[in-house]
Amino acid sequence: EKGGYDHFMLKEIFEQPQTIHDSLRGRLDAPKGTLTLGGIREHMDLLKNAKRIIIVACGTSWHAGLVAEYMIEELCRIPVEVEYASEFRYRNPVIGQGDVIIAVSQSGETADTLVAIESAKQKGAIILGVCNVVGSSIARMSDAGAYTHAGPEIGVASTKAFTAQLTVLALIGLKVAMERGSISGQRFQHLLNEMDQVSKKVAIALKLNDHVKEIAEKYKDARDFLYLGRGYNFPVALEGALKLKEISYIHAEGYPAAEMKHGPIALVDENLPVVIVATKDSFYEKVVSNIQEIKARKGKVIAVVTEGDTTIPPMVDDVIVVPAADELVAPIISVIPLQLLAYHIGVSKGYDVDKPRNLAKSVTVE
Ligand code: F6R
């Protein structure tokens, strides 16, 4: 049942080229330049005219929502907020007609997310569900939606559901942008091509498995980890830190790299591994400076870089090279080595990575 893998988590990490492909199937036709999202077609007018979009989710799904915020604001020029469902539901938020809520949930059963959309719906918002489990409570409560089609996720730590969420949220952003006319035809086609290539690039990133395992061995006894990224890779840093916490029980924090100097840099010393997602994007030069700041304080830097980068590798302790991609789709690729890193550290410490202590696959209590 684990398909020859030692754990469901590893199996699911390796399934990602296929699950991303499944998320795109029947929706994206890059050569023809078309994108079809049957589940939101009926509500497209409301969606493209939304005054704002509020994304509600928890945990890993919330991280996918953060990436979507950057994507949708850039592509659609609609204001987006991303909320922890557990806060949103209790804080009497201002919601009304014309607001669109996107609920992101693998299980579709997360109690906080379910109650959050229930009350938003009563206030007149339109609910769009991005769920993995077909027929789940959140999917049923939604007015419209798009399934992620990642297949059953057994490992408690979410992996393939995350990349499927990023894939579907990118498609939604692209579709709405096209309908609104907020994206040029050329950029639209370029991003369709990028989406079309992404599962192939994820397959290439998975070849890093042995290399990442060596890095895991080297750092597995660290007490703390820091994960840094900027722009589209900031939520990837949060997700990398969450994966490590969940399955290796090592304290880890994710930060936008520029926030370091506002406090966390005080933690850096020669014992602290700092994972920096530093792929070639519009923030690249800034991230290079952030790496220098860490190295000046003797932190151990593990950098995820784009193939062909010759600047960062000589500056850092360990390098993980991933294929080049447009920054909008880069998180789907750059998260792969971070999933593997958490997996191998957890396994090398002897933990049951499929069933981390204190965690349940779906959190149906508040
Ligand atoms: C992280 C993880 C949790 C879930 C969160 C939301 O690996 O599994 O943080 O992402 O509980 O769950 P769903 O997406 O089912 O609403």
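Modeller: Two strands pair if DSSP finds at least two bridges between them. Helices (H or I, at least four residues) and strands (E, at least two) are DSSP runs, numbered from the N terminus.

Colleague: What kind of model is this, and how are residues numbered?

Modeller: The model is predicted, so local features need pLDDT of at least 70 and side-chain atom pairs pLDDT 80 or more, while totals for chains, interfaces and linings use all residues. Residues are numbered from 1 along each chain as its sequence is written, and side-chain values use heavy atoms, without hydrogens and water.

Colleague: How many helices and strands does the protein have?

Modeller: The protein has 14 helices and 12 strands. Five of the strands form an open sheet in the order E4-E3-E5-E6-E7, with parallel pairing.

Colleague: What makes E4 and E7 edge strands?

Modeller: Strand E4 (80-84) and strand E7 (144-145) each have a single partner strand, so one side of each is left without a neighbour in the sheet.

Colleague: How do you know that strand E5 and strand E6 pair?

Modeller: Six bridges link E5 (residues 99-105) to E6 (residues 126-131), in the parallel sense. The rule asks for at least two, so E5 and E6 count as a pair. Within this pairing, Ile-102 has Leu-128 of E6 as its bridge partner.

Colleague: Which strands pair with E8?

Modeller: E8 pairs with strand E9 (residues 251-256) in the parallel sense over six bridges, and Gly-229 has Pro-256 of E9 as its bridge partner. Three bridges join E8 to strand E10 (residues 273-277), again running parallel, with Tyr-227 opposite Val-275 of E10.

Colleague: Why is strand E8 called largely enclosed?

Modeller: Six of the six residues of E8 (residues 224-229) are buried, so the rest of the structure largely encloses E8. The terms rest on relative accessible area: under 20% is buried, over 50% is exposed, and in between is partly exposed (1.4 Å probe, protein chains only). Asp-224, Leu-226 and Leu-228 cover one side, and Phe-225, Tyr-227 and Gly-229 the other; all are buried.

Colleague: Why is helix H2 described as largely enclosed?

Modeller: Seven of the nine residues of H2 (residues 16-24) are buried, so H2 too is largely enclosed by the rest of the structure. Among them are Gln-16, Pro-17 and Leu-24. The buried residues of H2 pack against several elements, including helix H1 (8-14), strand E1 (28-29) and helix H14 (330-348). Just after H2, Gly-26 takes a positive phi of about 75°.

Colleague: Why is Arg-77 called exposed?

Modeller: Arg-77 has a relative accessible area of 62%, which lies over 50%, so it is exposed. Arg-77 is in the loop between helix H5 (59-76) and E4.

Colleague: What makes the phi of Arg-77 worth a remark?

Modeller: Phi of Arg-77 is near 55°, a positive value in a residue other than glycine. Most residues other than glycine have a negative phi. Asn-92 also has a positive phi, of about 55°, although it is not a glycine. Asn-92 is in the loop between helix H6 (85-88) and E5 and, at 63% relative accessibility, counts as exposed.

Colleague: How do you know whether the protein agrees with a compact globule?

Modeller: The radius of gyration, taken over C-alpha atoms, is set against 2.2 Å times the number of residues to the power 0.38. With 366 residues the rule gives a value near 21 Å, and the protein has 20 Å, which agrees. The C-alpha trace spans about 55 × 45 × 45 Å along its principal axes, and 60% of the 366 residues are buried.

Key. Contact means heavy atoms within 4.5 Å.
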